[in-house]
Amino acid sequence: MEAQQIKALFLLNLKSFFSLEQIVNTLLIFCTGFLWNYYVNENIIINMSVMYFLFFPKLCSPFNETRVPRMYLIYPINFKSVVILKDLFNTFFFILYLIFLYIFNLFLRSEHYGIWDVFIYFFFSVIPLTMLCNYIFYKNYGQTYNVLKYVVLSMLIIFSVSSITFLSVKYLPTLINIVIIFIFFYMWYKNHLNYSKLIFKEGE
Amino acid sequence: MILDYMIELTGLVKKYNKIHALQGITLNINSHKIFGLVGPNGAGKSTIINIIAGLINKTAGQIKLIGLEINSNNYVYKQRLGFVLEKYILIEKLTGKEYLFFASRMYNVEETNINNRINELLEVFELSDKGNTLIEDYSLGMKKKLAFAAAIIHNPKILFLDEPFENVDPISRKKMKDILKRMKEKGATVFITSHALAEVEDFCDEVAIINKGKIVYQSETKDIRNKIKNEVTKETYQSLEEIFIDLTTDKDENDKTLSWI
C-alpha cells in the first residue's frame, strides 16, 4: 500500500470520526454510559465493552455507509490491507475514546477502577475478538460465504456474553443488566452481519 | 511491446445460482477505440463491468487487460483503469473536492498535481461553486459528473463507463464526449454501456449488442447500415435501433399489448 493511499484512508476515517453524525452518536453514548454507570452498573469495564460494541458498527464503515467498502475495490489497493488498516484506525480512535471516557469518569466518581483494568481487558479480549471477526468476515472475500462463519461467530458471541454476564452477575445481579448486554450484542451482531452481507451479496 | 488488444474477454461466464447472467462472452477491443455495449435491462452489461472492476467474481473465462491476465488476487492493474459504475460509488458525506482528493490519492496521482487536476475538473464540469458542498446534496447529474471526474483524474489507459451520460445535461455531456475522444486519440480505450442507441451509434467506433448474457451482434458502427435486413429484397438496416429491436425482441412478445388500453 502506498503512503498516499494510507493518507487518503486515514483522512477518510478521521473525517468519519469527527463527522457531525459521529459526534452526536458519541455524545449519546457518553450520556447513556454515564446514566448506566450511575444508575445500573458500577462496573466501568462492562460499560466500556458494551459501549464499544455499540460504537463498533459506526466505526466499521465511514459515515455508516454500507456501500463504501465495495467502493475500495475499484482502486489499486489490496482489500485485506484496507481491512487491517481500518482495524488499526478503529483501535486508535477507540483508545482516544477510552481516554476521554476515563477522564470523564475521574470527574464523576470518587471510586473508580484503575486504568490498567480497562486496558488489560481491552487488549486481551476486545481487540482479539474484533480482529477475529474481521478475519472471519473478510478473508474469503468473493468466495463462498458459508454457514460455518456464522456458527463460529455465534459461538464467539455466546462465549463473550457468558463471560461478561458472569462479571455482571458478580457485581450487580440484575436481570436488566443481562438483558441490556444481550440487546447491545444483538445490535452489534445484526449491524455487522448486514454490513458484511452487503459486501458479499453479489460476490456469491 | 505491441499489444493485440487492450481488452480481451474470452468465454466469460457468470452464474447466479441457476441463472446464467453471462454465457461465454468473448470480446476483443483495440486501443484508440470507443466501444459501446448495448442491451436490454438485465442483459449482463453491468455484470461485465462489475467483474472487471473486481466487485463480483466470474464463474469461468479469461480477462486480459493491456496484455495482462487479471484475477481476484491481482489489483495493481486497476492503477491504469477508471470506472464509472451504475450504482454510484461516491462517499456522500464528503464534499466533491474531498472526494476527488480521496480518489486521486487512491490512484497515486502525484501530490503536486492533485490540486491542479481537481480545480481543472471542477471548472470543466461547472462544479467549482459546489466543490465544498456535500455530495449528498448534489443532483443526480452532478453526481454522475463527479464520478466521471474521479474516474479520469489519473489519466487511465482504459475507461469503463456504465451509462455515463445518464442524467447529465447536454453541455456537460458534450464535454465528457470531447474528453473521451481526446483520451482515445492518445491511445486509451473506452468501454461504454448505454441504452441511448442513437448516441452509441453516433459516438462509438464499435458496438456490440448483448441479450440474455450472449453477444448477438458486433460490428464497427460505420458498418451498421450495410447489414442486410432482408435476404430477398437485400434491404439493409437503417439504424442500430432497428438491429437492436430485431435481435433482442421476442417476436411473440412484440405483439402483446395492454388489453385495457
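How many bridges pair strand β4 with β5 in chain B, and in which sense? The answer is 2 bridges, antiparallel, with β4(B) running over residues 60-65. In β5(B), Leu68(B) is the bridge partner of Leu65(B).

Some ground rules before I go on. This is a predicted model: local features need pLDDT of at least 70, side-chain atom pairs count only at pLDDT 80 or more, and totals for chains, interfaces and linings use all residues. Residues are numbered from 1 along each chain as its sequence is written, chains are lettered from A and ligands numbered from 1 in the order in which they are written, and side-chain values use heavy atoms, with hydrogens and water left out.

Back to the sheet. β4(B) and β5(B) belong to an open sheet of 4 strands, ordered β2-β1-β4-β5, with antiparallel pairing. Its edge strands are β2 (19-29) and β5 (68-69) of chain B, each pairing on one side only. Pairing here requires at least two DSSP bridges between the strands. Helices are DSSP runs of H or I with at least four residues, strands are runs of E with at least two, and both are numbered from the N terminus.

Now the chains. Chain A has 8 helices and 0 strands. Chain B has 8 helices and 12 strands. Its radius of gyration is 19 Å, close to the 18 Å from the globule rule for 261 residues, so chain B is as compact as a globular protein of that length. That radius is taken over C-alpha atoms, and the rule is 2.2 Å times the number of residues to the power 0.38. The C-alpha trace of chain B spans about 65 × 50 × 40 Å along its principal axes.

Burial next. Buried means under 20% relative accessible area, exposed means over 50%, and partly exposed is in between (1.4 Å probe, protein chains only). In chain A, 51% of the 204 residues count as buried. In chain B, 50% of the 261 residues do.

Surface areas are Shrake-Rupley values with a 1.4 Å probe; for residues, only the protein chains shown count as cover. Chain A has about 10,200 Å² of accessible surface, with 73% belonging to carbon and sulfur atoms. Chain B exposes about 12,700 Å², and carbon and sulfur supply 47% of that.

On to salt bridges, meaning a side-chain nitrogen of Lys or Arg within 4 Å of a carboxyl oxygen of Asp or Glu. Over all chains there are 11. One joins Arg105(B) and Glu111(B) at 2.9 Å, N to O. Arg105(B) is buried at 10% relative accessible area. Glu111(B) is partly exposed at 36%.

Lys175(B) meets Glu126(B) at 3.3 Å, N to O. Glu126(B) lies in the loop between α3 and α4 (140-152) and Lys175(B) in α5 (residues 170-185) of chain B, so this pair ties together parts 49 residues apart in sequence. Arg173(B) bridges to Glu199(B), with the closest N and O atoms 3.1 Å apart. That pair links α5 to α6 (residues 197-203) of chain B, 26 residues apart. Arg173(B) is partly exposed at 25%, while Glu199(B) is buried at 14%. Finally, salt bridges with shared partners join Lys33(B), Glu220(B), Lys222(B) and Asp223(B) into one network.

Last stop: Trp260(B), in the segment after α8 (251-254) of chain B. Trp260(B) is exposed, with 66% relative accessibility.
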